[in-house]
Protein chains: 2
Amino acid sequence: MSGAAWNRNRLTEKLGIEYPIVQGPFGGFASQRLTAAVSNFGGLGSFGALNLAPEAIKEVAAEIRALTSKPFAMNLWVSMEDEGARRSDENAFRRSLSPIAAHFAELGAALPEYKPYSPTVRFEEQAHALLDAKVPVFSFIFGIPPREILQECRAKRIVTIGTATTPDEAAALRDAGVDAIAASGFEAAGHRGSFLRAAEDSLTGTMALVPQIVDIVDVPVIAAGGIADARGVIAAMALGAEAVQMGTVFLSCEESGASRLHHEVFLAKKAGHTGLTKGFTGRLARAVRNRLMEELNREGTETLPYPLQRGLVRHLTMAAEAAGRADLVPMWAGQSANLGACTDVAAFLKSLVEEVGEIAGPVTEWSAQRRWRSASA
Amino acid sequence: MSGAAWNRNRLTEKLGIEYPIVQGPFGGFASQRLTAAVSNFGGLGSFGALNLAPEAIKEVAAEIRALTSKPFAMNLWVSMEDEGARRSDENAFRRSLSPIAAHFAELGAALPEYKPYSPTVRFEEQAHALLDAKVPVFSFIFGIPPREILQECRAKRIVTIGTATTPDEAAALRDAGVDAIAASGFEAAGHRGSFLRAAEDSLTGTMALVPQIVDIVDVPVIAAGGIADARGVIAAMALGAEAVQMGTVFLSCEESGASRLHHEVFLAKKAGHTGLTKGFTGRLARAVRNRLMEELNREGTETLPYPLQRGLVRHLTMAAEAAGRADLVPMWAGQSANLGACTDVAAFLKSLVEEVGEIAGPVTEWSAQRRWRSASA
């Protein structure tokens with residue numbers, strides 16, 4: 001339809017990638033294989049490192065580098081615990097355990113025991129490990145890293161991608177000088193990375209969020225949330241995004257670290273109805289609306305501060321996974337889970353860029369002109 | 001960019017309009033002038049008639065016809081009261097009045113008195129008035145009209161547009177044989193018209209909702225929610241929609257029936273932060289997050305069933321409007337309120353279709369081909 005190189009823009013230049021397609025980082029389900037597969041194709045693979053100790057971060061970075069010579073991102077959570085996590089006591093633990101206690105008996109698993117919370121890993125230490133490893137791209141959610149970390153990224157030519165769930169957060173990231181901003185819409189899977197207001201008060205649909213952020217920042221915007229096929233990619237570009245971030249569709253790929261149960265839910269197209277809950281980890285996140293979510297979302301149900309609730313629910317998850325009980329496991333998924341079908345990463349991406357390429361040239365050209373017009377207005 | 005007539009498709013054919021742009025109907029703020037202005041331009045003006053008695057519906061239809069010879073829509077709510085409305089008693093009234101009672105004193109207004117609920121108007125009577133008036137287009141939310149009403153629409157060549165907030169609702173509308181489906185995303189202003197599950201469990205972002213509905217229905221889909229400028233229109237078309245419905249941006253036009261206070265909020269760009277509440281009417285709806293919303297959204301606050309809560313809050317609204325208190329009035333707005341700027345309807349639409357026309361040709365062609373490919377796959 002047009003000879004314009006739709007896939008090349010200032011973001012792909014800066015990142016050194018072929019296609020403006022970012023694989024969303026997923027905390028517990030990242031895999032070196034998936035990250036490398038996306039990067040090898042020419043997109044930006046990402047690895048969610050939030051649970052990794054500094055040494056493990058260096059190891060994973062080395063492992064990814066053994067699988068690809070292309071740029072990739074590692075992702076951290078700037079804020080690693082909620083207020084109140086350190087004060088949370090055994091009584092709170094018992095209150096939050098009680099609504100799920102019967103499931104442990106049902107699964108023949110021992111009830112978890114209370115242990116006082118002590119943080120195992122700090123963001124700053126993780127960030128320094130990333131810097132030491134000189135990962136090509138450092139992406140983050142739940143806040144803005146301290147100034148000295150961002151400065152060191154610039155000094156080491158590590159590209160930074162911050163995550164905004166509202167225009168206000170995008171403005172804060174812009175002022176901090178990040179290189180690109182992921183606009184994370186309400187539709188997205190997993191945690192809402194809000195950091196200025198409560199996540200519940202920051203829910204913005206991708207359709208509304210992307211253009212409002214494009215209008216107030218001068219760095220490239222990466223649209224995230226609800227994008228699972230070529231239509232979503234073109235829509236995001238029309239809204240002014242210079243790249244997309246897709247999470248759920250990659251989670252469904254064979255290469256992801258998702259469990260067998262989780263894969264089965266995607267394959268059976270049973271991930272079509274999702275909801276938001278704090279019940280799985282203590283922070284608001286999107287997953288398939290299953291029995292566990294319904295129970296934990298019931299009015300009056302108490303939830304421990306992050307990451308204590310996550311620790312509590314993980315005990316149940318392990319037993320439920322072993323028993324093949326998808327109704328009792330957090331099944332992270334975005335609102336377009338039923339749209340995307342990915343068995344093999346390279347095959348999925350090949351078909352995606354072919355379809356996108358049919359129309360993306362004129363759309364990206366129009367979008368770029370429009371941004372230019374409004375910037376000079 | 002292309003000579004393709006982006007603005008002509010099977011929906012514009014069926015509706016007999018020039019541009020696939022629908023003005024969202026707004027219950028309390030509809031105006032004959034606005035409806036006619038949009039239709040005169042070549043879009044589809046809509047008039048929210050939910051509060052009108054059958055005789056008034058006929059009068060308004062005649063008034064609109066006096067202002068335009070073009071097609072227009074009138075919109076009804078299929079479900080007009082919530083379960084429990086008839087059983088709701090004076091005690092419930094007092095409990096729901098109590099969190100806002102202080103504002104009446106503050107505004108020097110008398111406290112409203114309890115009156116037992118008696119429905120003033122029934123959907124079936126309203127629908128028959130629309131049929132008698134032979135309005136060109138009958139659009140509706142909150143359900144599906146009885147089969148005989150839809151049959152009469154077909155017999156009278158009245159085009160029907162149903163509203164879906166989830167793919168399941170779209171499937172139900174498709175099975176009922178409506179002519180087009182408005183896919184109403186989470187971002188949209190006003191009431192969530194959900195009718196299969198609770199509105200709270202049906203919140204789907206426009207980016208995720210539109211393609212999932214396009215995939216399962218064979219009638220044209222109208223994308224609604226978060227669309228306020230050319231970018232949103234193009235994005236919607238990329239997602240497979242054959243038209244867009246824009247609400248908030250038209251609400252901000254001089255021609256709309258919105259109050260002076262409401263207009264001022266839009267003009268001052270103070271509608272950027274919206275939220276959902278049942279507190280304003282008893283049904284979940286999106287408006288600017290102001291003091292009244294915060295208070296009514298507080299945990300434990302009781303809300304009367306629709307339409308009783310609406311009646312209660314209207315007393316406060318009238319006093320607050322008179323006192324110029326925007327913080328105590330429901331200020332309906334969608335999540336893209338800050339994107340759109342419309343002072344004059346015709347000028348806004350002229351500039352919109354010019355900008356859309358720069359790129360819509362190839363995008364709509366691609367979309368149509370894609371729909372055709374997937375329908376024949």
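## Polar contacts and salt bridges

Across the interface of chain B and chain A, 18 residue pairs are in polar contact, both partners at pLDDT 80 or more. A polar contact is a pair of N or O atoms within 3.5 Å; within protein, one must be able to donate a hydrogen and the other to accept it, and residues adjacent in sequence count only if both atoms are side-chain atoms. This is a predicted model: local features need pLDDT of at least 70, side-chain atom pairs count only at pLDDT 80 or more, and totals for chains, interfaces and linings use all residues. Residues are numbered from 1 along each chain as its sequence is written, chains are lettered from A in the order in which they are written, and side-chain values use heavy atoms, without hydrogens and water.

Ten salt bridges are counted between chain B and chain A. Each is a side-chain nitrogen of Lys or Arg within 4 Å of a carboxyl oxygen of Asp or Glu. One joins R370(A) to E355(B), at 2.5 Å from N to O.

## The contact surface

Chain B gives 42 residues to the contact, and chain A gives 42 residues. Contact means heavy atoms within 4.5 Å. The buried area between the chains is about 3600 Å². That is the accessible area (1.4 Å probe) that two parts lose on being put together, summed over both. Carbon and sulfur atoms give 59% of it. M207(B), R231(B) and W366(B) supply 22% of the area that chain B buries against chain A, more than any other three residues.

## Aromatic pairs

Over all chains, the structure holds 19 aromatic pairs. Rings of Phe, Tyr and Trp (its six-membered ring) pair if their centres lie within 6.5 Å; planes under 30 degrees apart count as stacked, over 60 as edge-to-face and the rest as tilted. F123(A) and F138(A) are stacked, 6.5 Å centre to centre with 25 degrees between the planes. F123(A) lies in helix 5 of chain A and F138(A) in strand 4 of chain A, so the pair ties together parts 15 residues apart in sequence. Helices (H or I, at least four residues) and strands (E, at least two) are DSSP runs, numbered from the N terminus. Both F123(A) and F138(A) are buried, meaning under 20% relative accessible area (1.4 Å probe, protein chains only).

W77(B) and Y306(B) form a tilted pair: 5.2 Å centre to centre, 35 degrees between the planes. Both W77(B) and Y306(B) are buried.

Conventions: Buried < 20%, exposed > 50% of the residue type's maximum accessible area, 1.4 Å probe, protein only.
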